[in-house]
Amino acid sequence: MSDVQTGAGAASAPTRPDTRRRAPERTPGSGLKPTGGLAGLAKDRRVVLLALIVVAFIAMSLISPYFLNTANLLTLLQYSAVIGVLALGQTLVILGGGGGIDLSIGSTLSLCSVTFGLLSVGGGMSPWLAALLTLAVGAVLGLINGLFITLLRLPPLIVTLGTLYLYASAAMVLSNGVDINGFDRDGFSTIGQTSVAGIPFQVLLVLLPLFIVGAFVMHRTVFGRQVYATGSNADAAALAGVNVRRVRISLYMIASTLAAVGAIVTASWLLNARPAAGSGFELQAITIAVLGGTAITGGVGKLSGTFLALILVAILNSGMQLAGIGSTYQIGLLGLVLIVSMLVRSRGAVRETAL
Amino acid sequence: MTTLTDSPGRGASTPPPAPTTPTGGAGLSLYRVVHLVQVWLLPALLVVEFVAFSLLSPFFLTPQNLTNVAVNAADLALIAAGLTLVILMGGIDVSTGFAVGMLSWVVASLMAAGQPPIVVFLAALAGGAVVGLLNGMLTARLAIPSIVATLGTSALFQTGLFALWNSRDIFSTPVFPFLSGGARLGELPILVLIVLAVYLVLHLVLTRTTFGRSIYAIGSNVEAAKLSGINVRRVRVIGSVILGLLIGVAACTYLARVGVVQASSGGELTMLAIASVVVGGTSILGGEGSVLRTLGGVVFIVVLDNGIVLAGVPSLWNGLIVGFVILVAVSINGLAVIINARKKRSL
Amino acid sequence: MQSTPLLTARGLTKRFGATKALTDVDFDIHAGERVAIMGENGAGKSTLMKLIAGVYTPDAGSLTLGGDAYAPATPTDAIRAGVSTVYQEPSGFSHLTVLENLFMGRQTTRALGWLDKKSMGREAGELLARLQLPTRLLKRRMGDLSLADQQQVLIARAVANEARVLILDEPTSILTDTESERLFQLVDQLSAAGTAVCYITHRFDELERVADRFVVLRDGQNSGETDDPDREGLLRMMGSVSSVTVGADGGLVAAEDAVPSAIAEGEGGTEGEGGVLTGSGVADAAAATSAPVLVVDALSSEGIFRDISFAVRPGQITGLYGLVGAGRSELALAICGELPIDAGTIAFQGKPYRPHSSRTALEQGIAYLPEDRKTQGIFPHLSVGDNLSAAALRGVSRAGFVSTAGERDLVATWMDRLSIKAETPASPITSLSGGNQQKVLLARLMATNPQLLILDEPTRGIDVGTKREIHRRIRELAATGIAVLLISSEMAELLELSDTVHVLHEGRLTWSAVGSEITETAILRAATGAAA
């Protein structure tokens, strides 16, 4: 359960089948009344998100007759593929605890875009090879974040604020501030501009696989378990044999590699590499991760929650666009949903912090 | 925070040892060195910056240029001053930029409607207070982590601005003529004097009042602050409201500087304000720092912005230097903390 | 001092969720009196003090102060009423100056909250002078002071708050002898001036010096009080000394547990159906002479412990006793690689061993059950199953992929072996009782097939039934050939289980004994520094 009542933590084993997780549980912690099945359900952020998705879906189809159009439904996620990949990485970084957050992923995306553009156009490389190298560059950028944060024990917020400037500016300097294009070769536009079975390529073959693999890694691999353990109690994790530093460094590397994926998808989709391609994405990615039920303090949250949050955002985006409402309103709605979802959570937390 | 605990290796949660072996004497002197660097880094950077730019451009060190820089820095300086209070308490605010944008729309449209300047100014203050109260309530009262709460309100302000803007740029004259920096008292623009006065007042509040002490106490050790009888929530809310009021003033100076409100006005200020506070040397974990250091951080960032252009370097390099300085500053801070912790342990 | 008490507590009861921290506790203290509050960790001392200090409010019972009803809802109420506390942990504001610390929460102000620095400085100067503390401290940053000085500042703050009742929570645990003596003089001075001093301590050697009367709590209840600082009597009240002196092989208690369980199969793996072993008879001659698994030689960690040497043999339970602060847990952490070693060597299974972290220790076969279950043990957000399998996942995974079936089996096996009472493996760990949480942590370690098991206070804060069960498990584990290093501050537990006992006193190993040489009196003398 992606219960965000930290402390009272009702997160249950990721390996157990869903049916068991829904079973009413004895409420842990002090002085809380046992909750019934319904309240228990409402504690899982994903249930709340599903309900919101249904409501949004109905509302949007009422607002616009075109909303239910199949083509629209299928392309619904297209615009969210890039932000979804970033939110995935952000979720992982936050899950690792210790104040984990990556403000630099938007800039990382920008810098990776430029890298890709320079390699494939300036360097004359095949776009596919350039894409591969770009992934490696992304990993290195994350490594830099991770090393600063773990070796010098610096607050992630500040380190990634620093690299936010550093990477964004590097992108500007390298590209001289101008868009790069001319890499529409070797069928590179396939990623961003084609569909498979009516579903956009980047959704079916990038976004979905990454989330599925991610969920699998988080629930079924030693690494995934170590991430949850580290985020839940880093001291205990170290004593249980987890290399906390290495886990956290890996998370930053994964997040920025995913930002590189975002850069490649963007490049293929728009067929140009912009030096400011990712600016502002970091806040959206964090918002979606937290909206999905990831506790900002780490250890609690699920990729499925992030995915549902992404779908909710996509529906809002799409519906509002069809209804002729500007895209900026979606951001406001997102902020509102985020705050309200935290209010639902924080009643218990308020009591805990009240001394 | 764990690295800041004072218990001398009693607690078993002692962080794993760093590679080098601790030796009392060396650790102490190393700590001294790092501590000195920590204290003098920003002043040194400022000196280097001024010397370098005055060598690179004859125009840099002219009174005209410097007052110009100071006037243009007013809004950032005001936000960063208020933000320092919030960060000193261990909080953060990522909604400041769009709050300024939204309020500057309000200011511009009231001006356009021909309201008297004082009314407009009071409205800006009131709007700022509401913004601060909102953030304060969400974080201090409702216990939402401040990064999350202000991400949410930032999105709301951004949308608020967008909705108000409604595809119509609003041009406006400054609320008060002196806000554009023209009016001077002697050599100095009145606006700059006002900003400096704000810093002075906040500095005195922080160092000389109960409220100021409470802010440091909360950032230093929130549990101990509660046990000392400090009303933590109230102090946090008031801190946010002060930031809000300064955002209200900043909205007026922002408008005076750019003269027009657009769809995403102010957005760039959010990260710049945080960067100013951090470059200044205020600890993001709270408890340590001062508004005067923040002022140094603001000066560093705006002078860099100006000097780079004057020196003929593409302004694209700006972020590289800012980012680099942030990382160097916090790295030295981090080293000091690590070495200090080790010194304590080996007592 | 036979007037009416300054502070009285009647029938104080405090629950935290399901656990009763304090049940029906009475307490009195007179003006000018010095009372030591004693008890094992978890006996309820801190809870009692926090009720008096307004940090908690009681579920039942009442307090009076100076004859009037006293019901502080917040620490501020208590401070205003004249009850000040110097806590062990949240010590002060290290970023602020001493002057600022002294006046935190009660600054002298003029209008608008403007600090009257001059008068505060004067007042503080007078205060420090009165307490014979150097006034030059005032401008220094708290964090730059020694811990002893910081503490004196905090006591001075309590005095500045016009405390009628001063609560000191283990004040000397961080002080050297000379520093402690300064503290005692300060306490004497305050009590002579009429302040009632409640003093929480674990150190027996300072009892006579600091208190006129000793109040002992045990399992959250009054266990007795006396004005005789006799160690054995006090320890008996605390439950640290068994009323029956048992032999070293623990035979007496083992007899109580009629049926030894069938836990001991193989070496903790899923395979192997070894024979059922009895719970006692561990200290047979073979085990006592077998090659040691762990040999610690002249181990030192600066400022924590010095020159420690001992050996741990397979199949044996080696006890490590020491009062709080003697360096027991730190020694264990050093063996696990979590604390730096400055000098000395460790050999494990006959080979030199240099630990880097718990991870390498676990890989080699050294498993550590940490002292503080809550902060070092459990993953509060995760399930019972995830908590249990955390250290042994590599054993049930291939190329980093966890085998669902393998993990399920592992968890089921160990839940069954240690009879962990949880609804399902998917239940949150926080829904379990303390005893069952501890069994989960024990299972976490056992699942890694350790050769050496270091148990740090394995039964602290655990109910009597589960405690006995855990004792039986420990003996069974040792019987399978695992070497056990048992750290305990509970004498009965140590005597009952250990084949060999080593005693630490202030970071040094002061005494060791095997078998029948192990006596309570000798251990106590060594632990309190009397047998030097």
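**Close-up views of a predicted model**

**View 1. Charged pairs at the interface of chain A and chain B.** Between chain A and chain B the count of salt bridges is 0. The model shown in this and the following views is predicted. Polar contact across this interface is found for 5 residue pairs, both residues at pLDDT 80 or more.

View 2. The size of an interface is often given as the accessible area lost when the parts come together. Here the area buried between chain A and chain B is about 4100 Å², and carbon and sulfur atoms give 80% of that area. Chain A contributes 46 residues to the contact and chain B contributes 49 residues. On the side of chain A, the residues that lose the most area to chain B are R153(A), I158(A) and Y165(A); together they make up 16% of what that side buries.

**View 3. Helices of chain A that touch chain B.** At least two residues each of the side of chain A that touches chain B are supplied by α7 (127–151), α8 (156–175), α14 (281–291) and α16 (327–353) of chain A. The largest share, 14 residues, comes from α16(A). By residue class, the side of chain A that touches chain B divides into 31 nonpolar, 12 polar and 3 charged residues.

**View 4. Packing of helices α3 and α10 in chain B.** Helix α3 (residues 74–88) of chain B packs against helix α10 (residues 232–258) of chain B at an angle of about 170 degrees, and their axes are 8 Å apart. At that angle, α3(B) is roughly antiparallel to α10(B). Residues of α3(B) in the contact include L78(B), I79(B), L83(B) and V86(B); among those they meet in α10(B) are I242(B), L243(B), L246(B) and Y254(B). The residues of this contact of α3(B) with α10(B) comprise 13 nonpolar, 4 polar and 2 charged.

**View 5. A salt bridge between two strands of chain C.** Over all chains, the structure holds 19 salt bridges. One pair in chain C is D28(C) with R10(C), whose closest N and O atoms are 3.1 Å apart. D28(C) lies in strand β2 (residues 19–29) of chain C and R10(C) in strand β1 (residues 7–16) of chain C. The two residues are 18 residues apart, and the pair links distant parts of the chain.

Terms used. Residues are numbered from 1 along each chain as its sequence is written. Chains are lettered from A and ligands numbered from 1 in the order in which they are written. This is a predicted model: local features need pLDDT of at least 70, side-chain atom pairs count only at pLDDT 80 or more; totals for chains, interfaces and linings use all residues. Side-chain values use heavy atoms; hydrogens and water are left out. Axes are lines fitted to C-alpha atoms, for helices over the stretch in contact, and angles run from 0 to 180 degrees between N-to-C directions. Helices (H or I, at least four residues) and strands (E, at least two) are DSSP runs, numbered from the N terminus. Angles under 35 degrees count as roughly parallel, over 145 as roughly antiparallel, 65 to 115 as roughly perpendicular and the rest as oblique. Contact means heavy atoms within 4.5 Å. Ala, Val, Leu, Ile, Met, Phe, Trp, Tyr, Cys and Pro count as nonpolar, Asp, Glu, Lys and Arg as charged, and the others, Gly among them, as polar. Buried area is the accessible area (1.4 Å probe) that two parts lose on being put together, summed over both. A salt bridge is a side-chain nitrogen of Lys or Arg within 4 Å of a carboxyl oxygen of Asp or Glu. A polar contact is a pair of N or O atoms within 3.5 Å; within protein, one must be able to donate a hydrogen and the other to accept it, and residues adjacent in sequence count only if both atoms are side-chain atoms.
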